Amino acid sequence: MNKFIAIDFETATYKPNSAISIGLVKFCDYEPVDTFYSLIRPPKLYIRPDFTDIHGLTVDDVKDAYDFEYLWDNGISDFLEGLPLAAHNAAFDMGVLRATLEYYEIPLPKLSYFCTCNLARKTWPDLKSHALTALAKNFGIVYKAHNALEDAQTCGKLVQMAAEIFGEKTSIKGLLKAAGMQMGKLG
């Protein structure tokens with residue numbers, strides 16, 4: 001069975017350990033089968049106003065949320081099942097995951113990941129922009145940008161579309177190989 005998890009974070013500041021929301025979408029054979037979404041109380045209860053302008057989240061939204069350590073132990077870790085992660089601009093999301101795990105002194109799990117922005121560049125090289133919002137607009141995907149769950153769902157949809165174009169539906173590794181890409185390693 002071909003499984004992966006699309007992941008997206010929103011943050012409070014430029015600090016990578018300032019996650020304030022996480023969206024996870026589990027895909028099986030390129031179809032969404034389960035989701036996990038949560039607000040996250042960041043280590044410092046402050047959100048830059050310009051970041052609120054982007055994602056709409058405020059201190060009032062996250063002040064009563066669980067911190068990442070609690071969420072990791074009570075949902076996120078089990079949801080991930082050690083599956084490969086897909087993220088649009090994976091350097092950002094893997095940086096947030098790595099920094100947040102380190103902040104809470106949680107051992108880095110051995111997870112692999114790939115970047116759907118890079119996959120989009122390989123799949124649709126002639127498009128002017130490979131930003132998630134631009135790709136969604138180009139392909140008629142309607143979603144609320146900068147909502148972590150909806151960003152993750154859109155990211156996974158792009159993987160599904162790329163698999164159709166490359167004719168590789170048997171495995172994520174096969175898809176990445178067909179696109180001339182490799183998995184990265186988190187831990």
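# Helices, loops and a pocket

Biologist: Which residue, placed just after H4, takes a positive phi of about 55°?

Modeller: Helices here (H or I, at least four residues) and strands (E, at least two) are DSSP runs numbered from the N terminus. The loop to consider is the one between H4 and E5, and the residue there with a positive phi of about 55°, just after H4, is Glu105.

Biologist: What pLDDT do local features need in this predicted model?

Modeller: Side-chain values use heavy atoms, with hydrogens and water left out, and residues are numbered from 1 along each chain as its sequence is written. As the model is predicted, totals for chains, interfaces and linings use all residues, side-chain atom pairs count only at pLDDT 80 or more, and local features need a pLDDT of at least 70.

Biologist: Is Glu105 buried or exposed?

Modeller: Buried means under 20% relative accessible area, exposed over 50% and partly exposed in between, computed with a 1.4 Å probe on protein chains only. Glu105 has a C-alpha atom 8.9 Å from that of Glu69, 36 residues away along the chain. Its relative accessibility is 73%, so Glu105 counts as exposed.

Biologist: What relative accessibility does Asn89 have?

Modeller: Asn89 belongs to the loop between E4 and H4, where its phi is positive at about 70° although Asn89 is not a glycine. Asn89 counts as partly exposed because its relative accessibility is 43%.

Biologist: By about how much does H3 bend, and at which residue?

Modeller: The expected span of a helix is 1.5 Å times one less than its number of residues, and the 13 residues of H3 (68–80) would reach 18 Å in a straight helix, whereas the end C-alpha atoms are only 14 Å apart. The bend at a residue is the angle between axes fitted to the seven residues ending there and the seven starting there. For H3 this angle is about 45°, found at Asn74.

Biologist: How far does H4 reach from its first C-alpha to its last?

Modeller: H4 has 14 residues, for which 20 Å is expected at 1.5 Å a residue.

Biologist: About how much space lies in the largest pocket?

Modeller: On a 1 Å grid over the protein atoms alone, a cavity is a set of points where a 1.4 Å probe fits but cannot get out, whereas a pocket is an open set with protein on both sides within 12 Å along at least five of seven lines, and lining residues have an atom within 4 Å of a point. Grid points are joined across faces, edges and corners, and a volume is the space filled by probe spheres set on the points. For the largest pocket this comes to about 570 Å³.

Biologist: Which helix gives the most to the lining of the largest pocket?

Modeller: The lining has 29 residues, with Asp8, Phe9, Asn89, Phe92 and His146 nearest the centre. By class there are 15 nonpolar, eight polar and six charged residues, where Ala, Val, Leu, Ile, Met, Phe, Trp, Tyr, Cys and Pro count as nonpolar, Asp, Glu, Lys and Arg as charged, and the others, Gly among them, as polar. E1, H1, H4, H5 and H6 each supply at least two lining residues, and the most, five residues, come from H4.
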